[in-house]
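Please keep the sequence and the model in view while reading.

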Amino acid sequence: MDAPSHLPTARQWLTTTPGRIAADGYSWMQAVCWVHLNGRYTTSRTHGPRRAGETTVRIAAELARLNPCRPSVLYLSRLLKLSERTVQYHLAILRETGLLAYRTKGTRVRGAGRRASEFACTIPPAFDAALHLRTGASERYIRTVRGIEDIGRPLMKRLARMAKRALRRPRRPRRARTAPTRITVPSRCTPIGGSTSSSSSAGSTTSPFESKLETGKEHTTRTSKTPRPRRLNAVGRRYRLAGELIRQVPWLHRASVPRIAWILKDVSDAGWSVIEVMAVLGLQTPSRTVHRPAGFLARRLQGAHLLYDTSAKRANLVAWWRDSRRAEADRHTEWEGIWQAPRSRAVAGLVLQATAAVRHSGTSAAQAEYTSTQALTDTERTAHQETAYQAFLSGDPSLITTAVDIMGRDAAEQLYGPVLVARALRLAGASSHLTVGAGQ
C-alpha cells in the first residue's frame, strides 16, 4: 500500500492539486479512512500531531456531514471539544495529504472581522492507485471514476464499513427533538461536487457512484424531496419583524435585533406587520434627531397594541398613513439622524479631504462675491437694497440671511446697510421658533 505524498503549500489549492474532487462526502470519507489506515504518512513539522489519527477522522466526518458548507475552526472546536490549535493542526494534515484543497484562504477584513477559509474535498491519486480505480477525464470533477478492478474490491468494502462507522453520529442519553427542515442558502458555501458552474458535461455520464463500487450495484438516479418551509414560533416572528423594521427605518440601522425584538413583542404577538408599525411611528410629530433608537421606538409603540386591537383599525391606520400629506412629509423629515464619521481611517481621510475642498471653494466664492460687491455702482447698490427691503417687508429675510452666510456679515452690511441686516437677522431668529398647528 503506497503512502500518500506530502503536498507543499503551493499544491494545496484547487487549481494546483493533483487530486480529484470528491463526488460526495461518503466517497471522500473512504479516502480519509484509507489515509488513517495507511498510517505511514508523516508531516515535516516539528510540533503538533505527526500522523493522521482518530481526531483527524472525527474532524473529517464533521466536514462531510456539513458539506457543502465549511464550518469555522471555532465551531469545530466547540462541537468536538477540542482546542482551536488542534483543529488547525488536523486541517493542515488533511491539506498535506491531498484530502482538502483551498478554494479561498481566510483573511481579516478591517471593520468586518475574520473571513474563514473555504475548502474543496479532494481525493489524492495514491488512493486511486491503491484501490485500482479506473478514472477518466471530466470537466466537473477533474477526473471521474469509471470502475474498479477486482483486486481493489476487498479494500473498498473495508473502507466503506469504516466510513459508515465514522459518519454515524454517537447516541445521546435522551431522545432529541426532531429539528425542523432547514433551507440551504448558497451564500459562501462550497457547492456539492466542487463546481461553481451550473452546467457541466459530467452531468450526463453513466459512471457509477463510488459508494456502490464495493457491492457492484448499478447507478440509480436519486430523487430529492422538496424541503418544507420552516415554521416560526413566537420568538422567531419577533426577530423577523425586528429585522424587517431595521432594514426599512434608517434611524434603526445600528440597533440591536434582539433588543428591537423584545420591544416589538406585544405588537408581534398581536399579528402586526412592519407597515402597521411604521404607520404608528408616523402618527406623532416627527423628530429631527434620534439619540436612542430603542428607547424612541419603545416610547412611540407604548400601548399601541391595545389601541389598535383589530385588523380593521390597523388597516384604516395604514390607509391614513399612506394618503396623508403630513404623514408623507414626516416620512421625509423624521428619520434624519446625526451623521457619524466612518470607522475606516482611509475613508475618514477621504472625507476630510473632500470637506476641506468644499470649504476652500466656498471661501473662494465668498471672496469673489465680496470683490464683485465692491465694484457695484451707487445705482446698482440702491436697487439691491430696495429689493431686499421689499422682501423684508413681506416677511422673507432669506435674501439678506443668504448674503450673510455666503459673504459674511461685514460684506452684507456694506451692501444692504447695518440696520437692515440686523432687522433681517432678528426676524429670521424669531420666525424659526414659530409653529403652525395642524388645525389652523
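Q: In which loop is K81 found?
A: This is a predicted model, in which local features need pLDDT of at least 70, side-chain atom pairs count only at pLDDT 80 or more, and totals for chains, interfaces and linings use all residues. Residues are numbered from 1 along each chain as its sequence is written, and side-chain values use heavy atoms, with hydrogens and water left out. Helices (H or I, at least four residues) and strands (E, at least two) are DSSP runs numbered from the N terminus. On that numbering, K81 is found in the loop between helix 3 and helix 4 (84-96).

Q: Is K81 buried or exposed?
A: Buried means under 20% relative accessible area, exposed over 50%, and partly exposed in between (1.4 Å probe, protein chains only). The relative accessible area of K81 is 74%, so K81 is exposed.

Q: What is the phi of H132?
A: Most residues other than glycine have a negative phi. H132, in the loop between helix 5 (125-130) and strand 6 (133-138), is a residue other than glycine with a positive value. K81 is likewise not a glycine and has a positive phi, of about 60 degrees. For H132, phi is near 55 degrees.

Q: How many helices and how many strands are there in the chain?
A: The chain has 440 residues, of which 36% count as buried. Its elements number 19 helices and seven strands.

Q: At roughly what angle do the axes of helix 2 and helix 3 cross?
A: Axes are lines fitted to C-alpha atoms, for helices over the stretch in contact, and angles run from 0 to 180 degrees between N-to-C directions. The axes of helix 2 (residues 54-66) and helix 3 (residues 73-80) come within 11 Å. They cross at roughly 115 degrees.

Q: Which residues of helix 3 make the contact with helix 2?
A: Contact means heavy atoms within 4.5 Å. From helix 2, the contact is made by R58, I59, E62, L63 and L66. The partners in helix 3 are Y75, L76, L79 and L80.

Q: With which residues is L76 in contact, leaving aside its neighbours within four places in sequence?
A: L76 lies in helix 3, and its relative accessibility of 0% means that it counts as buried. The C-alpha atoms of L76 and I59 are separated by 7.4 Å, although the two are 17 residues apart along the chain. Leaving aside neighbours within four places, L76 is in contact with I59, E62, L63, P71, K81 and V87.

Q: Against which helices do the buried residues of helix 11 pack?
A: In helix 11 (residues 293-300) the buried residues are A294, F296, L297 and R300. Seen down the axis, they fall within an arc of 165 degrees, so they line one face of helix 11; the arc is that of the directions from the helix axis to the C-beta atoms. These buried residues pack against helix 7 (234-248), helix 8 (257-263) and helix 10 (274-281).

Q: Which residue with a positive phi follows helix 18?
A: Helix 18 (residues 409-416) has A411, A412, L415 and Y416 buried. They cover an arc of only 115 degrees around the axis, which puts them on the same side of helix 18. The residue that follows helix 18, with a positive phi near 100 degrees, is G417.

Q: How far apart in space are V145 and R134, C-alpha to C-alpha?
A: V145 is found in strand 7 (residues 142-148) and, at 2% relative accessibility, counts as buried. V145 and R134 are 11 residues apart in sequence. In space, their C-alpha to C-alpha distance is 5.8 Å.
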